[in-house]
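Let us read a structure together, one feature at a time.

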Amino acid sequence: MSEKCMIRDVKNHVGGAVTIGCWLYNKRSSGKIQFLQLRDGSGFIQAVVVKSEVGADVWEAASKLTQESSLYVTGSVREDERSQSGYELTVTAIEIIQITEEYPITPKEHGVDFLMDHRHLWLRSPRQRAILVIRAQIIRAIQQFFDERGFHLVDPPILTPSSCEGTTNLFHTKYFDEDAFLTQSGQLYMEAAAMALGRVYSFGPTFRAEKSKTRRHLIEFWMIEPEMAFVDHEENLKIQEQFVAHIVQSVLQHCEKELKVLERDTTRLEKVQAPFPRISYDEAVQFLQKRGMEFTWGEDFGAPHETAIAEQFDKPVFITKYPTEIKAFYMKPDPERPEVVLCADMIAPEGYGEIIGGSQRIDDPQLMEQRFQEHELSKEAYQWYLDLRKYGTVPHSGFGLGLERTVAWICGLDHVRETIPFPRLLYRLYP
Ligand code: 4AD
Ligand code: MG
């Protein structure tokens, strides 16, 4: 009798017989032996069909199998050092579920547009599988980090009446007779939650109608947003560096096989340990100018600036204290220099750009009122937010980590489009 088994568990059945539900990924034949490369989502394994040892029906079934045909295969498990998985299956029976005809994605090279049009099938490739497995591990590491440190997961709304990060890239929709927007960030709601639960984090989709077509921008992306009462700028940075180091080390520990499939240079990831270097916005400006790059104090950094700065370090780097003018209305000014705010962007190494934006928030009710006037924000729409400064205001800080940019960096990918199962890009809403 054979036991039903997933490929990842065959190691527990050496010498025994198993049945695996799977797809044919590739096939080689020598005339007397067929080598079936099988995948079931949990892993890959080679199954060997020996003509002289199986019935004619089994040999014929194996001969019929095409790329992405679905089947149940039964066989005995052998340890095999030469094979990639460490195990091999000697086939005794095959039950075909479906013979696939003309699978569109062949082992030859395809263009990006073609692959994106077939994203629903492209996901089956070893490379795309490896990325999604690492993405899932990153999410697991994130939740573990916060859950072990007394944070509570809180879910902010997705349909909102007003903006968080400025009005230029809001997705508009109708909410019956009212206007509504898809959330750009849950932060303002997380501030309310932090006043109720102390330390909280959210994990959910956010939307930016940005007309940018870069390798770092998605229209729909997932963000992790912790918010912490009684935490200042300095402590905020400490938590961020521990957090990011934890994510990277967790992927190194649990995803060795997947990183190998992606041919990721892991020596660069091993260096990602706290503390991370810090430079101020002022120092960054001086550095860029010394390098002969055109840049004036008061401008925001573009991708080439961020890359030039990050290249100086082999860990992520914090750029701190940006000009008040170019940052969000809620950031707390530096008490010693109100023209800059107590904020930091974390820039990933190897040219992956900003992965975290965070800050200490304004806790003073008068200053918050003043910012509302300067930014012409409707006090009516945000009355609830102003209430947070009215009823027991406290120093607090938080940040947002972009999941897809983090996945792109850790996996070493050229573009964020491969970091999410079904990317929403400037000109792509299919599939
Ligand atoms: O810097 P951002 O805009 O910060 C906020 O939204 C704050 N409210 C977060 C907070 O303090 N709670 O976005 C945070 C991160 C960026 O550093 C980046 O990693 C990611 O979100 N991000 C994007 N990722 C993919 N595509 C886009 N269009 C992104 N925009 C931001
Ligand atoms: Mg930002």
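**Reading the ligand site and the sheets**

Q: Which backbone atom lies 3.0 Å from an oxygen atom of ligand 1?

A: A polar contact is a pair of N or O atoms within 3.5 Å; within protein, one must be able to donate a hydrogen and the other to accept it, and residues adjacent in sequence count only if both atoms are side-chain atoms. Here, a polar backbone atom of I355 is 3.0 Å from an oxygen atom of ligand 1. This is a predicted model: local features need pLDDT of at least 70, side-chain atom pairs count only at pLDDT 80 or more, and totals for chains, interfaces and linings use all residues. Side-chain values use heavy atoms, without hydrogens and water, residues are numbered from 1 along each chain as its sequence is written, and chains are lettered from A and ligands numbered from 1 in the order in which they are written.

Q: Which side chains have an N or O atom at such a distance from an oxygen atom of ligand 1?

A: E354 has a side-chain N or O atom 2.6 Å from an oxygen atom of ligand 1. For R361, the distance is 2.9 Å.

Q: How much of ligand 1 does the protein bury?

A: Accessible areas come from the Shrake-Rupley method with a 1.4 Å probe; for residues, only the protein chains shown count as cover. Taken alone, ligand 1 exposes 630 Å². The protein buries 93% of that.

Q: Which residues come nearest to ligand 1?

A: A residue is near a molecule or strand if one of its heavy atoms lies within 4 Å of it. There are 21 residues around ligand 1, and E165, Q187, R208, E225 and E354 come nearest.

Q: What classes make up the shell, and which element gives the largest share?

A: Ala, Val, Leu, Ile, Met, Phe, Trp, Tyr, Cys and Pro count as nonpolar, Asp, Glu, Lys and Arg as charged, and the others, Gly among them, as polar. The shell has seven nonpolar, six polar and eight charged residues. Helices (H or I, at least four residues) and strands (E, at least two) are DSSP runs, numbered from the N terminus. Strand β18 gives the largest share, four residues.

Q: What is the strand order in the sheet of eight strands?

A: Two strands pair if DSSP finds at least two bridges between them. The order is β7-β11-β12-β19-β18-β17-β14-β13, in an open sheet with mixed pairing. β7 (152-153) and β13 (278-280) are at the edges with a single partner strand each, so one side of each has no neighbour in the sheet.

Q: How do β18 and β19 pair?

A: β18 (residues 353-360) and β19 (residues 396-402) are antiparallel, over five bridges. I356 stands opposite L401 in β19.

Q: Which strands does helix α6 touch?

A: Contact means heavy atoms within 4.5 Å. Helix α6 (residues 233-254) packs on the sheet and touches β11, β12, β13, β14, β17, β18 and β19. Axes are lines fitted to C-alpha atoms, for helices over the stretch in contact, and angles run from 0 to 180 degrees between N-to-C directions. The direction of α6 makes about 30 degrees with that of β19. Helix α10 (residues 303-310) lies across β13, β14, β17 and β18, at about 75 degrees to β17.

Q: Where are cis peptide bonds found?

A: One joins A274 to P275, with omega near 0 degrees. P275 is in the loop between α8 (266-270) and β13. Another joins Y430 and P431, with omega about -5 degrees.
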